[in-house]
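Visitor: I have a protein model open on my screen and would like to learn how to read it. Could you walk me through it, one feature at a time?

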Amino acid sequence: MKTVLVPTDFNLESVQIIDALIHDQPQETFKIVFIHAFKISDSMNDMLMLTRRSRDYENISDEFYQSLNNYKNIYQNRLNVGIEYFYGSTVATFKNFIENLEVDCIAYPKDYNFKPINKLSIDPKYLTERAGCKVLVLDTANIPAQENLIDTRIEEKQLHTASA
């Protein structure tokens, strides 16, 4: 199973990276971790209050969660999906973060555009470009639709009757 880190602002378009990964590597199974990076505040009160982390999950819409669940159902045995937050702004801290998650690569959509979800959000590109981890840039706009092939098998009994 390949672990892929996907920086996101939790918009619905960002989950399309799943289709791009499956299309790009059709035989692979994936653990996809969607992340958003935050700068650690200089305020002592913010640093002491751990409840801030649970509040960060309020930035994720129900539609985003539902979309992830839909993908889990579609790609049942090939996909495991999670959401994490990275708190920090140094490459060394980020390297520890991706090492802890055992990340194989980082995936961005070709048209990636950073959008902060609050005042402490930071663009992860600075960190991901310097972390020494493989970075994939995938086109999420031109993914062919999955084919629904019709089962055209002929039963053996019918085959004998047709050939007689």
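**Reading the model from the inside out**

Guide: Let's start with one side chain, Phe34. Not counting residues up to four places away in sequence, Phe34 touches Val6, Thr8, Ser14, Val15, Ile17, Ile18, Phe64, Leu68, Val81, Gly82, Ile83 and Glu84. Contact here means heavy atoms within 4.5 Å. Before we go on, note that this is a predicted model, in which local features need pLDDT of at least 70, side-chain atom pairs count only at pLDDT 80 or more, and totals for chains, interfaces and linings use all residues. Residues are numbered from 1 along each chain as its sequence is written, and side-chain values use heavy atoms, with hydrogens and water left out.

Visitor: Which residues have the most contacts inside the largest nonpolar core?

Guide: First the general idea: in soluble globular proteins, nonpolar side chains tend to be buried together. A nonpolar core is a set of buried Ala, Val, Leu, Ile, Met, Phe, Trp, Tyr and Cys residues joined through side-chain atoms within 4.5 Å. Buried means under 20% relative accessible area, exposed means over 50%, and partly exposed is in between (1.4 Å probe, protein chains only). In this model the largest core has 28 residues, and Ile18, Leu21 and Phe34 have the most contacts inside it. At least two residues of this core come from each of strand S1 (2-7), helix H1 (17-24), strand S2 (30-38), helix H4 (62-74), strand S3 (79-87), strand S4 (105-109) and strand S6 (134-138). A second, separate core has 18 residues, among them Val33, Ile35, Phe86 and Leu101.

Visitor: How many helices and strands are there in the protein?

Guide: Such elements are DSSP runs numbered from the N terminus: helices are H or I, at least four residues, and strands are E, at least two. Here there are 7 helices and 6 strands, and from the N terminus on they run β-α-β-α-α-α-β-α-β-β-α-β-α.

Visitor: Which residues of H1 are buried?

Guide: In H1 they are Ile17, Ile18, Ala20, Leu21 and Ile22. The cover over these buried residues includes S1, S2, H4, S3, S4 and S6.

Visitor: Let me try Leu68. Is Leu68 buried or exposed?

Guide: Leu68 lies in helix H4 and counts as buried because its relative accessible area is 4%. Leaving aside neighbours within four places in sequence, Leu68 is in contact with Val15, Ile18, Phe34, Val81 and Ile83. For the protein as a whole, among contacts between residues at least 6 apart in sequence, 82% join residues at least 24 apart.

Visitor: What does the side chain of Ser121 make a polar contact with?

Guide: A polar contact is a pair of N or O atoms within 3.5 Å; within protein, one must be able to donate a hydrogen and the other to accept it, and residues adjacent in sequence count only if both atoms are side-chain atoms. The partner of Ser121 is the side chain of His36, at 2.7 Å. The Ser121 side chain also reaches the backbone nitrogen of Ile117 at 3.0 Å. Ser121 lies in strand S5 and is buried, with a relative accessible area of 11%. His36 is found in strand S2 and is buried too, at 2%. A polar atom of the His36 side chain lies 2.7 Å from the backbone oxygen of Thr8.

Visitor: How many salt bridges does a search of the whole structure find?

Guide: A salt bridge is a side-chain nitrogen of Lys or Arg within 4 Å of a carboxyl oxygen of Asp or Glu. The search finds 2. One joins the side chains of Asp139 and Lys110 (3.8 Å, N to O). That pair links distant parts of the chain, 29 residues apart: Asp139 is in the loop between S6 and helix H7 (156-163), and Lys110 is in the loop between S4 and strand S5 (121-122). Asp139 is partly exposed at 26% relative accessible area, whereas Lys110 counts as exposed at 58%. In the other salt bridge, the side chains of Glu129 and Arg130 meet (3.8 Å, N to O). Glu129 is exposed at 55%, and Arg130 is partly exposed at 43%.
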